[in-house]
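Please look over the sequence and the structure shown here before reading on. The report that follows is meant to be read side by side with them.

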Amino acid sequence: MKYPIAIEHGDDTHAFGVVAPDLPGCFSAGDTLDEAFENAKEAIAGWIDLEIDEGHPIPKASSLAEISKMDKFKGWYLSVVEVSSESF
């Protein structure tokens, strides 16, 4: 499964914050951009596992084009992460 993520810029005193816009309440962070990207995979996998365990449907992923049009993510890094469906 692939999901878009938005990563808020970090600096010397703040971590890079990550959200998965299609997965309400799914967020993560990392001290570096690379770490934030990797941690997003774990957060998304955990979020999906919990939703499946609770019998909830998993939302369809938006395109990066759709996410890039959202004002709240202007200036953020945008990417897509792939999470192995083997863990679900």
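The text below goes through confidence, the sheet, the helix and core, and a few single residues.

**Confidence**

This is a predicted model, and the confidence values come with it. The mean pLDDT of the chain is 94, and 95% of its residues reach 70 or more. Confidence is lowest in β4, with a mean of 95, and highest in β2, where the value is 98.

**The sheet**

An open sheet is formed by 4 strands, which follow one another in the order β3-β2-β1-β4 and pair in the antiparallel sense. The edges are taken by β3 (27-30) and β4 (77-82), and because each of these has a single partner strand, one side of each is left without a neighbour in the sheet. On average, and with direction ignored, neighbouring strands of this sheet are turned by 30 degrees against each other. Strands of a sheet pair through backbone hydrogen bonds, and the pairing can be parallel or antiparallel.

| Strand pair | Bridges | Sense |
|---|---|---|
| β1 and β2 | 3 bridges | antiparallel |
| β1 and β4 | 6 bridges | antiparallel |
| β2 and β3 | 4 bridges | antiparallel |

Strand β1 covers residues 2-8 and strand β2 covers residues 16-19, and here Ile-7 stands opposite Val-18 in β2. Ala-6 has Leu-78 in β4 as its bridge partner, whereas the bridge partner of Phe-16 is Gly-30 in β3.

How many of the 7 residues of β1 are buried? The number is 5, so β1 is largely enclosed by the rest of the structure.

If its neighbours within four places in sequence are left aside, Ser-28 is in contact with Phe-16, Gly-17, Val-18, Asn-39, Ala-40 and Ala-43. By contrast, Ser-28 and Asp-11 are 17 residues apart along the chain, and their C-alpha atoms are separated by 16 Å.

**The helix and the core**

Helix α1 (residues 33-53) lies across β1, β2, β3 and β4, and it runs at about 155 degrees to β3. One of the residues in helix α1 is Glu-42, which is exposed, with a relative accessible area of 61%. Between Glu-42 and Phe-27 there are 9.9 Å in space from C-alpha to C-alpha, and the two are 15 residues apart in sequence.

The largest nonpolar core has 17 residues, and those with the most contacts inside it are Ile-5, Ile-7, Val-18, Leu-23, Cys-26 and Ile-44. Two or more residues of this core are given by each of the elements β1, β2 and α1, and the largest share, 7 residues, comes from α1.

**Leu-23 and Pro-59**

Leu-23, named above among the core residues with the most contacts, touches Tyr-3, Ile-44, Trp-47 and Pro-59 when residues up to four places away in sequence are not counted. Pro-59 is found in the loop between α1 and α2 (64-68), and it is partly exposed, with a relative accessible area of 26%. Although Pro-59 and Leu-23 are 36 residues apart in sequence, they are 6.9 Å apart in space, C-alpha to C-alpha. Apart from its neighbours within four places in sequence, Pro-59 is in contact with Tyr-3, Asp-22, Leu-23 and Trp-47.

**The aromatic pair**

How many aromatic pairs does a search of the whole structure find? The search finds 1 aromatic pair. In this pair the ring centres of Phe-73 and Trp-76 are 5.1 Å apart and the planes stand at 75 degrees, so the pair is edge-to-face, a term that applies to planes over 60 degrees apart. Phe-73 is buried, with a relative accessible area of 8%, whereas Trp-76 is partly exposed, with a relative accessible area of 22%.

Terms used. Residues are numbered from 1 along each chain as its sequence is written. This is a predicted model: local features need pLDDT of at least 70, side-chain atom pairs count only at pLDDT 80 or more; totals for chains, interfaces and linings use all residues. Side-chain values use heavy atoms; hydrogens and water are left out. Two strands pair if DSSP finds at least two bridges between them. Axes are lines fitted to C-alpha atoms, for helices over the stretch in contact, and angles run from 0 to 180 degrees between N-to-C directions. Contact means heavy atoms within 4.5 Å. Rings of Phe, Tyr and Trp (its six-membered ring) pair if their centres lie within 6.5 Å; planes under 30 degrees apart count as stacked, over 60 as edge-to-face and the rest as tilted. Buried means under 20% relative accessible area, exposed over 50%, partly exposed in between (1.4 Å probe, protein chains only). pLDDT is the predictor's confidence in each residue, from 0 to 100. A nonpolar core is a set of buried Ala, Val, Leu, Ile, Met, Phe, Trp, Tyr and Cys residues joined through side-chain atoms within 4.5 Å.
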